[in-house]
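User: I'd like to walk through this model with you, one question at a time. Can you keep the cut-offs handy as we go?

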Amino acid sequence: MNMQEAAEHADEILDGTFAAIKPTVHWTHGESTEGSCDVSRRRAVMTVISEARRGSFLGVVERYWKSQGYNQIGVSRNMKSPAMYFKTPDGFNVRLLIGDNGQAFFEVATPCVERSSVSPPASKTVGPNYAGKPIPDPNVHSDFWSSGGPVPSSSSIGS
C-alpha cells in the first residue's frame, strides 16, 4: 500500500463513520498532513454537539467503530474535551475529540506505507468545505445533537 492508497482508505474509514451518525451532522475537511511514510486525514463537525448530547455522540461512534472490529486503545473522560482512540485491524489509528463549543474533531492516521504523492480528500462535505482555511466554531443547529434536553427513546431518534 502506498500513501495515496492509505489516504483513500483513511477517507473510507471517515466516510463510514459519518454514515453511521444519525441524525446526520454537517462536517468539513480539516488539515490533511503527510509524514515521511504516513498520512493523517481530519474532519471537523460543524453541527453543534450540546454538552447534554456529547456522551450519545461518542457512544454512536464507539459502537460503530467496535462493530468494524476496531480496538479501543485509549480514552479521555475529561468533561471539557472527551476523546477516544481506536486502532483498526489493519493498523490505522482513529480518534474522536470533542473540543470547544461542542465541536467534534475526527482524525485517521495511517501506518507507515510506501512513499507516494497524495491527493486531497475527494469526499464531498456536508455543508461548506473549509479545507485550507481556518475552521470556524460549529455553527449548524440540529434539533437532536444541539438539544440540551435528555436523549429521547431510540424509537424516536432520526424521525
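User: Let's start with Ser40: which strand is it found in?

Analyst: Quick ground rules: this is a predicted model, with local features needing pLDDT of at least 70, side-chain atom pairs counting only at pLDDT 80 or more, and totals for chains, interfaces and linings using all residues. Residues are numbered from 1 along each chain as its sequence is written, and side-chain values use heavy atoms, leaving out hydrogens and water. Helices (H or I, at least four residues) and strands (E, at least two) are DSSP runs numbered from the N terminus. On that basis, Ser40 belongs to strand β3.

User: Is Ser40 buried or exposed?

Analyst: The scale is relative accessible area with a 1.4 Å probe, protein chains only: buried is under 20%, exposed over 50%, partly exposed in between. Ser40 comes out at 8%, so the call is buried.

User: Which side chain joins that of Ser40 in a polar contact?

Analyst: A polar contact is a pair of N or O atoms within 3.5 Å; within protein, one must be able to donate a hydrogen and the other to accept it, and residues adjacent in sequence count only if both atoms are side-chain atoms. Here the distance is 3.3 Å, and the partner of Ser40 is Glu107.

User: What is the C-alpha separation of Val45 and Pro138?

Analyst: Val45 is also in β3, and at 0% relative accessibility it is buried. Leaving out residues up to four places away in sequence, Val45 touches (heavy atoms within 4.5 Å) a set including Phe18, Trp27, Phe57 and Pro138. Val45 and Pro138 are 93 residues apart along the chain, yet their C-alpha atoms are separated by 6.8 Å.

User: Which residue is joined to Cys37 by a disulfide?

Analyst: A disulfide is a pair of cysteine sulfur atoms within 2.5 Å, and the count is one. Its S to S distance is 1.9 Å, and the partner of Cys37 is Cys112.

User: How many residues apart in sequence are the parts that this pair ties together?

Analyst: Cys37 is buried at 17%, whereas Cys112 is exposed at 58%. Cys37 sits in the loop between β2 and β3 and Cys112 in the segment after β7, so the parts tied together are apart by 75 residues.

User: Which residue does a cis peptide bond join to Lys22?

Analyst: Most peptide bonds are trans. This cis one has omega of about -10 degrees, and the residue joined to Lys22 is Pro23.
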